[in-house]
Amino acid sequence: MAAKGKQTRTFVCSCFFEDNLYIKKYRMHVSYRNKKTFMETCAKELRLRGCVTDAQFAEVIEEIESEISRRRALGEVSLQRRAMITEEYVPLHEDVYQLQESFLDPQFLDLVSDISSVDCLKKQLQEVEFCHRLLEELEHIEQSSCPKGRPNTMNSYGVLLDEYGFDNGLLTPLREIYLMPLTSVLFPDCGGGCLDSHKAFTVIYSTSHDHDLSCHYDNAEVTLNVCLGYEGFTGGDLYFHGMKDEDEWTRQKLHCQHHLGWGILHRGAHMHGADPLISGTRCNLIMWMRASSVRNKQCPMCGQPPKLVEMYGADDGYRLDKGRELEGAKGNEASQSDPVDRDVDVCRLL
Ligand SMILES: O=C(O)CCC(=O)C(=O)O
Ligand SMILES: [Fe+2]
């Protein structure tokens, strides 16, 4: 079922190999050029977070270096997974791969066809049968022996959806036909009117594994976050602070409860995280939507004009403008950028 897709040249910004490396144990994003600079810039903060012995530092450096190697090989590994999935994976519900209007809540459809006022967004989107079928399909994927690409180093559970063929029939039409009428009205300032690609994955939280998500921003111009449910859960609210470039982004805090079948649209640059889950399991579908015309000018991760590195097997949503220089011809490498942690006391480090 993996989609073949047309051969678009795909790129990442070279910062992917040096910046925003997440150290899960100490809940901290760091940059890494070499061991010496790393120790000069990050050792102090790491010590404050409990990394004190030589062995602990060695472990952190090993983890970072292996994450950089993983990132360099990621495109090739993704292509290998796609080939195996195409060969072996037999879908449980063929219909969940093709978007139909009946999957979408009537109130949502009304909103798309008549987005005259932002207030309409407060209407509830009801639970739909589609969520159950999609969840069953995702469980079927999880139980299959086929390889699964995990979203990023902040989320260890869940799966990259494009590798299983959810883009062409389901998610691309969802973005183009139904989401863009809304995002172009809600987020015209950050490319909501010209979203031209996305990276979609699921995230799964339970009390026994990943149970929360640190405050971060996404590698996205606009993000869709839909709660697909699972076993009844409590806790695990999504929360928002200010925008990442605001001086006092921690000052505000808005809580949003997840409800089965509800979707939340937000700017990728809106600082957000997930509270700890108290009970049950939560599965959400995340679509990081990208506008190449926006990110071609400024990488949302490093905040600089992107230094494009061509990648096969993965796509961070940049497109080659005429005359643009490439950073390096590093084929067969790929990126699955992490969301970027911005714990309050870490932000000045990065
Ligand atoms: O758990 C959530 O609802 C948030 C997930 C998220 O922000 C992300 O994966 O980028
Ligand atoms: Fe996020």
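**The site of ligand 1**

The largest cavity is the space taken by ligand 1. A cavity is a set of points, on a 1 Å grid over the protein atoms alone, where a 1.4 Å probe fits but cannot get out. A molecule sits in a cavity if more than half of its atoms lie within 2 Å of its grid points. The model is predicted, so local features need pLDDT of at least 70 and side-chain atom pairs pLDDT 80 or more, while totals for chains, interfaces and linings use all residues. Residues are numbered from 1 along each chain as written, chains are lettered from A and ligands numbered from 1 in written order, and side-chain values use heavy atoms, without hydrogens and water.

β4 (197–206), β5 (213–217), β11 (270–274) and β13 (281–290) each give two or more residues to the shell around ligand 1. Strands are DSSP runs (E, at least two residues), numbered from the N terminus. β13 gives the most, with four residues. The shell holds eight nonpolar, six polar and two charged residues. Here Asp, Glu, Lys and Arg count as charged; Ala, Val, Leu, Ile, Met, Phe, Trp, Tyr, Cys and Pro count as nonpolar; the others, Gly among them, count as polar.

Conventions: On a 1 Å grid over the protein atoms alone, a cavity is a set of points where a 1.4 Å probe fits but cannot get out, and a pocket is an open set with protein on both sides within 12 Å along at least five of seven lines; lining residues have an atom within 4 Å of a point.
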